[in-house]
Amino acid sequence: MTIITIAQLTIREAQRRKILWAALLMGILFLLVFGIGLHLIWREMTLDNPYDAPEMFEVPANFLTMAGLYVTNFLVVIMAVLISVASISGEIESHLVDILITKPMNRRDLIMGKWLGFGVMTTLYTFMLGGGVMLISRLVTGLALRQPIAGISLIALNALVMLTVSIAGGTRLSTLANGVVAFMLYGLAFVGGWVEAIGGLFRNETAVNLGIVSSLLLPVEALWRKAAIIFQPRMTGSTSFAGPFVVTNEPSDVMVVYAVVYIVGLLAFALWSFQKRDM
Amino acid sequence: MPDYAIETTHLRKEFGRKVAVADLTLQVKRGEVFGFLGPNGAGKTTSVKMLLGLTAPTAGDATLLNAPLGDRRTRTRIGYLPEHFRFYPWLKAVEFLDLQGRLYGMETQRRRNVIPQLLQRVGLAQATELKLAAFSKGMTQRIGLAQALMNAPDLVFLDEPTSGLDPLGRRLVREIIAEVSATGTAVFLNSHLLSEVEQTCHRVAFIREGRVLETHDLSQWDEDAISVKMRVGRISAELLAHLQTLSADVYQTDDGFVHVTVSAEKDIPTLVNWLVAHNHALYELNLERLSLEDRFLKIIGNHSGDTLTA
Ligand SMILES: Nc1ncnc2c1ncn2[C@@H]1O[C@H](COP(=O)(O)OP(=O)(O)OP(=O)(O)O)[C@@H](O)[C@H]1O
Ligand SMILES: [Mg+2]
């Protein structure tokens, strides 16, 4: 009950402080630019080659759609951190939590409520952006991705991973330190993912292991690669490295389970850490 | 077991090597207005935070309304106005109180009834739909007070409730404290405004370095120290020597006045009779009851030796 109250409050805050509107407006703008751009490029390509077979265009259509989804993934991951990074630490520093947690509620309800509120917002936003990109590319290029819902869900899971990192950090770190940790972890996983991918091409085991360790530290890049594979099965098994949006090595399903365990574990840590600290 | 609103035994809090509260042992009765006084950094706020479960005590025990610290059900009967009260600036006054009521587990109907009354009571009836961001400091403090009384608590902690309030606001706080106390609510009041404490509290504790130095019942206190200030013709050594037999606290000031602290009113005629009998010309005699501030300075000063020498 209290969890729901706090979650509602969190969403109302995003509304009142115009975060929701800013994100929606900029999201629409993003989709607009993506749609117009895709339309222009697509017209150019198909006009110049009217006699080519439609299969010819599958690769560029795929590439452009994956680029859009890649940016979507990046945006929601960043957004998940930005909206939540100051929430707990800021309210501890300003002693605003004091009159909340002296009410007949559990301290953990506050954390759970905030997590839920932010989680609902980032998940909806992920589906809006990701779904928008897919819909636009479908309308413009006719490309149908293989498992759109499963893929977007993985991106949403990514956002939840980052959200949980930022919530957990907020129980102990100052807002700025928390932001630094969250973004640097993300950067680390990002680079780790590439090291793993390229290492895989050259069959360098140490590089691959380094990548795996960084994925364990923060499973977001691995989840993205998994999502990319789910979206576009044709690329599986391709041996050439074709840029950051095109994934050649698929992380195992265990990674998805790991990400869920990661979120639950980190959330449990956040609850414990918030419970134990002095205000 | 006696029925206390607050009972603490050897409550202690250390922050690393810093001892914020050394040894807090006190009892507050039900319905009592209890003043908790002490210099800056004495550990008042830390004590309140321990009692409210914001900060975990390093050692010691306490009960609120006979329940151990941290008992969640008891919290439905406790109100709290923190030291630097503020809240989400994007909430309207009425929404803010409604949220607090919900967190207290109050029914919708009861919240609807109580909120307008409370806003009226703290003088914010016009600000119901105003966002907290638009509140002045005093208005913020007022709504903080309203929030602390939302659940008609049996025990309310007010940490410097009058900070930022104008004289009208301060009087309002005094009146509200008297009202809730009359209905049986115990009030634990941290304040530096001693004249107000004097007007509102039944008992006061003086603390310093996280220890209770003295606890006094204010109703029994008026009598025990009256300062007499007088102007006599010639201040002889004999005069001063005799006065010292009447009072331990005798001194002379540059403006020609002699100050004597007597412990009871009945000592005053004795003093005057002696002066007349011994041909001392008495030109002027004033009574000055010791204000709480005088006592505060005296008590805190008296006990300061043990640290200043350290
Ligand atoms: N979180 C903390 N970490 C370290 N020291 C602290 C902390 N909180 C309080 N203190 C120290 O504990 C002592 C008591 O502080 P507290 O805030 O309880 O004083 P106070 O009596 O409320 O003072 P004031 O009248 O100024 O409000 C101070 O010396 C303070 O520096
Ligand atoms: Mg204080």
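I started with Phe74(A), which is partly exposed at a relative accessible area of 36%. My cut-offs are under 20% for buried, over 50% for exposed and partly exposed in between, with a 1.4 Å probe and protein chains only. This is a predicted model, where local features need pLDDT of at least 70, side-chain atom pairs count only at pLDDT 80 or more, and totals for chains, interfaces and linings use all residues. Residues are numbered from 1 along each chain as its sequence is written, chains are lettered from A and ligands numbered from 1 in the order in which they are written, and side-chain values use heavy atoms, with hydrogens and water left out.

I then ran the aromatic search over the whole structure and got 14 pairs over all chains. One of them joins Phe74(A) and Tyr186(A), a tilted pair at 6.1 Å centre to centre with 40 degrees between the planes. Rings of Phe, Tyr and Trp (its six-membered ring) pair if their centres lie within 6.5 Å; planes under 30 degrees apart are stacked, over 60 edge-to-face, and the rest tilted. Phe74(A) sits in helix α3 (residues 58–84) and Tyr186(A) in helix α8, 112 residues apart in chain A. Helices (H or I, at least four residues) and strands (E, at least two) are DSSP runs, numbered from the N terminus. Tyr186(A) is buried, at 6%.

**A second pair, in chain B**

Next I took Phe157(B) and Phe188(B): their ring centres are 5.5 Å apart and the planes make 55 degrees, so this pair is tilted. Phe157(B) belongs to strand β7 (residues 155–159) and Phe188(B) to strand β8 (residues 186–190), 31 residues apart. Both are buried. I also noted one aromatic cluster made of Phe85(B), Phe87(B), Tyr88(B), Trp90(B) and Phe96(B).

Thr45(B) is in helix α1 (residues 44–51), while Glu83(B) is in the loop between β6 (78–81) and α2 (93–103), 38 residues apart in chain B. Thr45(B) is buried at 16% relative accessibility; Glu83(B) is partly exposed at 25%.

**Ligand 1**

An oxygen of ligand 1 is 2.9 Å from a backbone N or O atom of Gly43(B). For side chains I got 2.7 Å from a polar atom of Lys44(B) to a ligand oxygen, and 2.6 Å for an N or O atom of Glu83(B). The protein buries 64% of the 630 Å² that ligand 1 exposes when taken alone.

**Two loop residues in chain A**

Lys18(A), in the loop between α1 (2–16) and α2 (19–48), has a positive phi near 65 degrees and is exposed at 56%. Arg203(A) has a positive phi near 55 degrees in the loop between α8 (175–201) and α9 (205–217), and is exposed at 73%.

Terms used:
Polar contact = N/O pair within 3.5 Å; in protein donor to acceptor, adjacent residues only side chain to side chain. Areas by Shrake-Rupley, 256 points an atom, 1.4 Å probe, with all protein chains shown as cover.
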